[in-house]
Amino acid sequence: MAIKTNTELDARIQECTACLQSKIDGSNGKRAVVLCGGTGCLSSHSDEIREKFETIIKAKGLEDKVTVNQVGCFGFCSQGPFVKIFPEDTLYRLVKTEDVEEIVETDLIKGEVVERLLYVEPSSGAKVQKQEDINFYKKQKRIALHGCGLINPEDINEAMGAGAFQGIKRALSMDPKDVIDEVLASGLRGRGGAGFPTGRKWSFAYANAADQKYVVCNGDEGDPGAFMDRSILEGNPFAVIEGMMIAGYAIGASEGYFYVRAEYPIAVRRLRIAIDQMKELGILGKNIMGSNFSFEANIRLGAGAFVCGEETALLNSIEGQRGMPRPRPPFPAVKGLWQKPTVVNNVETLACVPYILREGAADFASVGTEKSKGTKVFALGGKVNNVGLVEVPMGTTLRELVYDIGGGIPGNKEFKAIQTGGPSGGCLTKEFLDEPIDFDNLVAKGSMMGSGGAIVMDEDNCMVNIAKFYMEFICDESCGKCSPCRIGTKRMLEILTRITDGKGTMQDLDELEQLSNAVKNNSLCALGQTSSNPIVSTLTHFRDEYIAHIVDKRCPAGVCKHLMRYKIEPDSCWGCGLCARQCPVNAITVTDYTAPGKKKPAMSIDAQKCIKCGMCIASCRFNAITKA
């Protein structure tokens, strides 16, 4: 039945809150099994694990004693799939379908913990039963990720139990200008990359007296290794829709569009389910909760063009045009979708808005730094032990992110750099590990916040090759509309390719710097303007690696294929010939040298024939083959 008044909403929220709380604390007399339903865990058969739980629980007659539910992303992706048992709050990780019967028999029936499935802290070797006691979670604070890992993202009642729609309820009791002032007071800045104050963007659209206005949610997350927005949409789509509604009310818009990549099918499906449930309940549509405010939410699927993450290219795509950026000004808040005033916010930004209206601007502003309030979600990946989705207060240091939350570098290898901001960001070295994370500080140090990608690199990474990787990505994704980006990025890639192929010259470094400045200063949109950041930062901090590639014709990290030299250490070789049998180009032959104490002559590699495929290293049982 549709909710038509605040009184009805309050009663429904109170009922749903009690229901969710009873699931968590067991006061309903039942135990609850919840499983991660994020893309990462689903790809590791989380759905099959859930089905097996349901089957076994039914077979053992436990349906009246145990509930099974799917929730959003737990964040700790490298340890998934996850299963959590309430009310004990026991967290099992790396669960497989064959583990289900043991969990049911041991935990759900006997009340004993399955210790082998508990997380083990690498530093102490101790097994940890509760999520909150794992170091990965201790320094996190969930605002944008509120509800993820707790509620069923396809159940509006659980969302209401976790605080959904209290923000829009409060907003509707305020003047639109007061809502904007509340967001301004919170200090919320856009989480899509640029960090523009959200309230100020809204005020521009509010001041424009147009007959139609729009709110657009930018869910076109395309940075390599980034999955922040996708996980929020998968874990709590109701919060993002509510944030869009609050923005619509504040600026006077009656319609919104979610622009989400088509390759995020789970996020899109859950978003559709949430919209349908909200319409059915009367929280979305005409005269919401008996007020004069009406709002419709629509979904548009992106085809996967990185440039459509730029807001004007995104607007062109929604209109059915080719995804290319528009010259600015005018900005979208003045002339946006179909030339009407439009506010474009990314998923994470809109997910923070209900919290601000629900808890108050002061509460949100109490977290973070002076100029960067609240929290930031990062997709932490690369050469780090704890890969996953993390949300940390602004001001958290890079060292805390990499070592306390990320658990350090695998194999105790040397930290080399962290790339923040994706293709638009830069690489920060160990001298910056104690720098606090905020919008302005990262830019000052030669990188940027970006949408939240954080890729850690160790001693085995070649920084020239990293710059080349990002430039290849940019060249592929450039829309080609402006010459500086279309041509300049291609020329920079050609220079980087020459250097990694061992054909570079010192003049190439000068040309790279000149091109970087030209592309930055003359490109139409942020894709081109920031495309040279990985080059500039690696040239600044790792110039010696560029010089080694050019002068010494050597890749210090042993990554660049054309500069590798495979060598068999004769004193270590036992002459078994396995490497020769595995070599696809017959580059390995017997030498006339026999190591002391060994019966067979050693093998050697013909550098002219070798294609550096690595088959010889993989097959050698004596670690006799090295590359440099």
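Residues are numbered from 1 along each chain as its sequence is written, and side-chain values use heavy atoms, with hydrogens and water left out. Because the model is predicted, local features need pLDDT of at least 70 and side-chain atom pairs count only at pLDDT 80 or more, whereas totals for chains, interfaces and linings use all residues.

The protein contains 25 helices and 19 strands, where helices (H or I, at least four residues) and strands (E, at least two) are DSSP runs numbered from the N terminus. Its C-alpha trace spans about 90 × 65 × 40 Å along the principal axes. Of the 628 residues, 56% count as buried, buried meaning under 20% relative accessible area, exposed over 50%, and partly exposed in between (1.4 Å probe, protein chains only). Among contacts with a separation of 6 or more, 70% come from residues 24 or more positions apart, a contact being heavy atoms within 4.5 Å.

Grid points are joined across faces, edges and corners, and a volume is the space filled by probe spheres set on the points. The second largest pocket holds about 430 Å³. Its lining comprises 17 residues, with Lys-84, Gln-131, Tyr-137, Arg-142 and Cys-148 nearest the centre. Domain 1 (18–133) and domain 2 (156–365) each supply at least three lining residues, the bounds coming from an automatic or database domain assignment. Helix H14 (residues 347–359) gives the most to this lining, three residues.

Of its 15 lining residues, His-146, Ala-164, Asn-236, Ala-239 and Arg-358 are the closest to its centre. H14 provides the largest share of the lining of this cavity, four residues.

Most residues other than glycine have a negative phi, and most peptide bonds are trans. The bond joining Phe-86 and Pro-87 is cis, with omega about 10 degrees, and Pro-87 is found in the loop between strand S3 (83–86) and strand S4 (90–92). Asp-89 is placed in the loop between S3 and S4 and has a positive phi of about 65 degrees; it counts as buried because its relative accessibility is 15%. A cis bond also runs from Pro-329 to Pro-330, with omega near 0 degrees. Pro-330 lies in the loop between helix H13 (311–318) and strand S10 (342–346). In the loop between H13 and S10 is also Gln-339, whose phi is positive, near 65 degrees; with a relative accessible area of 46%, Gln-339 is partly exposed.

Notes
1 Å grid on protein atoms, 1.4 Å probe; cavity = no way out; pocket = protein on both sides within 12 Å on 5 of 7 lines; lining within 4 Å.
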